[in-house]
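Please consult the sequence and the model shown below while reading.

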Amino acid sequence: MKHQQWEKRIAYLGPEASFTYLATKGLFPNEWLMPFTTIPDCIEAVSNDRVDFAVVPVENALEGTVTLTIDYLYHEADLYVVGEVLSKIQQHLMVNKEQVNNWQNIEGVYSHSHALAQCHKYLFYRFSSVPLNQTSSTAAAAKYVAENPDKCIAAIGNTSSAEKYGLEIVERNIHDFHFNHTRFFVLAKKNSRLPIETSEGKSKTTFMLTLPENVSGALHQVLSVFAWRRIDLSKIESRPLKTGLGDYFFIIDVLADENEPMVKGAVEELGALGCTVKSLGTYYTYLTPE
Ligand SMILES: O=C(O)C(=O)C[C@]1(C(=O)O)C=C[C@@H](O)C=C1
């Protein structure tokens, strides 16, 4: 990656040393990184012009979509995706130095809900009756454990959070499946692209759409709009519209640029079929170094 020197403010799901922080620091090593406690806080910071960009998790290979991010982008915000970061995720169990000899007897495990879920089998077999406590991020869990050295508790998170908050890793790579990656969206107010060179060639576009009501085969029609144009879909998922059972919107990622004639044609045809379509923009994928 070749970076340009900017003076930009970037919101991320903090505190420092969260996975989102590492993804953000990898993409924006010279910018002003601002931690926020929740995903909606990060998104609102862009909407309210407190920052230029926000970096938030959107999908994990083991746990699937970060539903809060997708739902908030659909229902509450009007932002664009200007880039995507893909990071390898390795989860470790960590305790206070005072508890290193006693870690097998921990009385509580703290982490982000996605991280706890990524280690479900490990926790089930090793600590089946130990309460699991959700925190706003893995780094928030590490910070909490560090602030309570007298308690025999553990956090799940990355190596950086162990270093940052002075914890000792007692068991490494406790995530249940080896292929553990998370996608992060870089969000902005304007539909643009990050001026950062990338080795990942193909651009991607994310659409959010709703189907016309009471039309049988509507989803089939939507898929055929992309299929006959040979537009490659990398994701399709439905989420509740929150207007009633059975009401959904769809998130569709296509491996193409929204300005390509075939994609423009697809969007036009979807409109003619009675769908509402919103493009979140075309963007490139950046990899964080492993
Ligand atoms: O808790 C963190 O460190 C985060 O950055 C959040 C988050 C997520 O929401 O999925 C990011 C990556 C990992 O999958 C686990 C947690």
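How many bridges join β13 to strand β14? Seven bridges join these two strands, which run antiparallel, β14 comprising residues 248-254. Helices (H or I, at least four residues) and strands (E, at least two) are DSSP runs, numbered from the N terminus, and two strands pair if DSSP finds at least two bridges between them.

This is a predicted model, in which local features need pLDDT of at least 70 and side-chain atom pairs count only at pLDDT 80 or more, while totals for chains, interfaces and linings use all residues. Residues are numbered from 1 along each chain as its sequence is written.

**The sheet**

The two strands belong to an open sheet of four strands in the order β13-β14-β12-β15, with antiparallel pairing. At its edges are β13 (233-240) and β15 (276-283), each of which pairs on one side only. The twist averages 15° from one strand to the next.

Over residues 207-285 the chain is 28% helix and 35% strand, with the end C-alpha atoms 16 Å apart.

**The ligand site**

The ligand is surrounded by 15 residues, the closest being S18, T20, P57, H112 and S137; a residue counts if its C-beta atom, placed from the backbone, lies within 6 Å of the ligand. The elements that give two or more residues to this shell are α1 (19-27), β3 (53-60), α4 (113-118) and α6 (138-147). Because domain 1 (9-89 + 181-197) and domain 2 (92-171) both give residues to the shell, the ligand lies between them; the domain bounds come from an automatic or database domain assignment.

**Backbone features**

Most residues other than glycine have a negative phi, and most peptide bonds are trans. Two features of this chain are tabulated.

| Site | Angle | Loop |
|---|---|---|
| G14 and P15, cis peptide bond | omega about 0° | P15: between β1 (9-13) and α1 |
| R230, positive phi | phi near 55° | R230: between α8 (218-227) and β13 |

Note on methods
Axes fitted to C-alpha atoms, helices over the stretch in contact; angles between N-to-C directions.
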